[in-house]
Amino acid sequence: MSIKVLLADDHAWVRSTVRDLLSASDDITVVAECADGSEVAGAAAHSRPDVVLTDLHMPRMGGLEAMRTLLGDQPDARVIVLSGVLCQGSAREAKALGAAGYLLKADAPGDLPEQVRTVAAGGTAWSARTAAVLKH
């Protein structure tokens, strides 16, 4: 059975690259893409993804607000923040909201499919740098 993923990032290049990386795995399918956080809840309601990968900084509505809206509608949604920046406050807020992980775009790209599988199976995926920041 294929793991369904929704991608939310305001950069088309990032969405395309992540989609290609995940689609190379036989068991992961990108079912929806959003260029803004305001699109996430509606796209998730329509596509029912197993995992949502969201950037933090997007126009109109950022990833944390999108996560808050999504988890208000679908409390069982599995969300991973995929960001270019590590901010202790944002990482703590994401965890408090119920994120299943916080990964950095600078992390090894080859690890992403397994991290998506782990989160889809009910686990978590926190980059080593994020985990270290959350300990302090």
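Modeller: About 60 Å³ of space lies in the largest cavity. The model is a predicted one, in which local features need pLDDT of at least 70 and side-chain atom pairs count only at pLDDT 80 or more, while totals for chains, interfaces and linings use all residues. Residues are numbered from 1 along each chain as its sequence is written, and side-chain values use heavy atoms, with hydrogens and water left out.

Colleague: What makes a space a cavity and not a pocket?

Modeller: On a 1 Å grid over the protein atoms alone, a cavity is a set of points where a 1.4 Å probe fits but cannot get out, whereas a pocket is an open set with protein on both sides within 12 Å along at least five of seven lines; a lining residue has an atom within 4 Å of a point. Points are joined across faces, edges and corners, and the volume is the space filled by probe spheres set on them. A search of the whole structure finds one cavity of 30 Å³ or more.

Colleague: Which residues line the largest cavity?

Modeller: Among them are Leu-7, Val-14, Val-18, Thr-54 and Leu-82. The elements giving two or more residues to this lining are β1, α1 and β3 (51–54), where helices (H or I, at least four residues) and strands (E, at least two) are DSSP runs numbered from the N terminus. The largest share, three residues, comes from α1.

Colleague: What is the volume of the largest pocket, and which element gives the largest share of its lining?

Modeller: The largest pocket has a volume of about 220 Å³, and α1 gives the largest share of its lining, five residues.

Colleague: Why is Ser-83 called buried?

Modeller: Buried means under 20% relative accessible area, exposed over 50% and partly exposed in between, with a 1.4 Å probe and protein chains only. Ser-83 has 1% relative accessibility, and therefore counts as buried. Ser-83 lies in strand β4, and its contacts (heavy atoms within 4.5 Å) include Asp-55, Tyr-102 and Lys-105, not counting residues up to four places away in sequence.

Colleague: Why does Ser-90 count as buried?

Modeller: Ser-90, in helix α4, has 14% relative accessibility and so counts as buried. Leaving aside neighbours within four places in sequence, Ser-90 is in contact with Leu-56, Leu-64 and Tyr-102.

Colleague: What makes a set of residues a nonpolar core?

Modeller: Its members are buried Ala, Val, Leu, Ile, Met, Phe, Trp, Tyr and Cys residues joined through side-chain atoms within 4.5 Å. The largest such core has 25 residues, and those with the most contacts inside it include Leu-6, Met-67 and Tyr-102. The largest share of this core, five residues, comes from α3.

Colleague: How do you know that β1 and β2 pair?

Modeller: Two strands pair if DSSP finds at least two bridges between them, and β1 and β2 do so in the parallel sense over six bridges.

Colleague: What is the phi of Arg-48, and what is that of Arg-60?

Modeller: Phi of Arg-48 is near 50°, and Arg-60 has a positive phi of about 60° although it is not a glycine. Most residues other than glycine have a negative phi.
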